[in-house]
Amino acid sequence: MVVLRLRREGTKNRPFYRIVAADSRCRRDGRFLEIIGTYDPLTDKNGEKLNLEAANSWIQKGAQPSETVRSIIKRASKAAAKAVAAS
């Protein structure tokens, strides 16, 4: 089964995450199928960059996002909808 989850990178006390599509049997920082975004929890605003098309494509194929990734996708979707409405 494919899951969308965070892959921790960065240094001690300075975490940085990549949002990846990975096999659920692989380790958290192990092998992955595709990088679909990044997440930096230490920035105040806009700490996440996400390819919504890739995320939605994986979800349509049956991938299960983790709770954190689900909330990141939700925020990114709202921001994209707001940007479309503004223009």
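**View 1. The hairpin of strand 1 and strand 2.** Strand 1 and strand 2 form a hairpin, with 2 residues between them. In its turn, Asn13 has a positive phi of about 65 degrees. Asn13 sits in the loop between strand 1 and strand 2. Asn13 counts as exposed because its relative accessibility is 71%. (Exposed means over 50% relative accessible area, buried under 20%, and partly exposed in between, with a 1.4 Å probe and protein chains only.) The two strands pair in the antiparallel sense over 10 bridges. Arg8 stands opposite Tyr17 in strand 2. Strands are DSSP runs of E, at least two residues long, and helices are runs of H or I, at least four; both are numbered from the N terminus.

This is a predicted model: local features need pLDDT of at least 70, side-chain atom pairs count only at pLDDT 80 or more, and totals for chains, interfaces and linings use all residues. Residues are numbered from 1 along each chain as its sequence is written, and side-chain values use heavy atoms, with hydrogens and water left out.

View 2. The 5 strands form an open sheet in the order 4-3-2-1-5, with mixed pairing. Strand 4 and strand 5 stand at the edges with a single partner strand each, so one side of each has no neighbour in the sheet. Two strands pair if DSSP finds at least two bridges between them. Strand 2 and strand 3 run antiparallel and are joined by 5 bridges. Ala21 has Glu34 in strand 3 as its bridge partner. Strand 3 and strand 4 also run antiparallel, joined by 3 bridges. Here Thr38 has Lys49 in strand 4 as its bridge partner.

**View 3. Glu48 in strand 4.** Glu48 is found in strand 4. Its relative accessible area is 17%, so Glu48 is buried. Glu48 touches Thr38, Tyr39, Ile72 and Arg75, not counting residues up to four places away in sequence. Contact means heavy atoms within 4.5 Å.

**View 4. Helices on the sheet.** Helix 1 lies across strand 1, strand 2, strand 3, strand 4 and strand 5, at about 125 degrees to strand 3. Helix 2 packs on the sheet and touches strand 1, strand 2, strand 3, strand 4 and strand 5. The direction of helix 2 makes about 95 degrees with that of strand 1. Axes are lines fitted to C-alpha atoms, for helices over the stretch in contact; angles run from 0 to 180 degrees between N-to-C directions.

**View 5. Two sides of helix 2.** Val69, Ile72, Ile73 and Ala76 of helix 2 are buried. They cover an arc of only 100 degrees around the axis, which puts them on the same side of helix 2. The arc is that of the directions from the helix axis to the C-beta atoms. On the other side, Glu67, Lys74, Lys78, Lys82, Ala85 and Ala86 are exposed. The buried residues pack against strand 1, strand 2, strand 3, strand 4, helix 1 and strand 5.

**View 6. The largest nonpolar core.** This core has 17 residues. Leu4, Leu6, Ile19, Ile36, Leu50 and Ile73 have the most contacts inside it. Strand 1, strand 2, strand 3, helix 1 and helix 2 each give two or more residues to this core. A nonpolar core is a set of buried Ala, Val, Leu, Ile, Met, Phe, Trp, Tyr and Cys residues joined through side-chain atoms within 4.5 Å.
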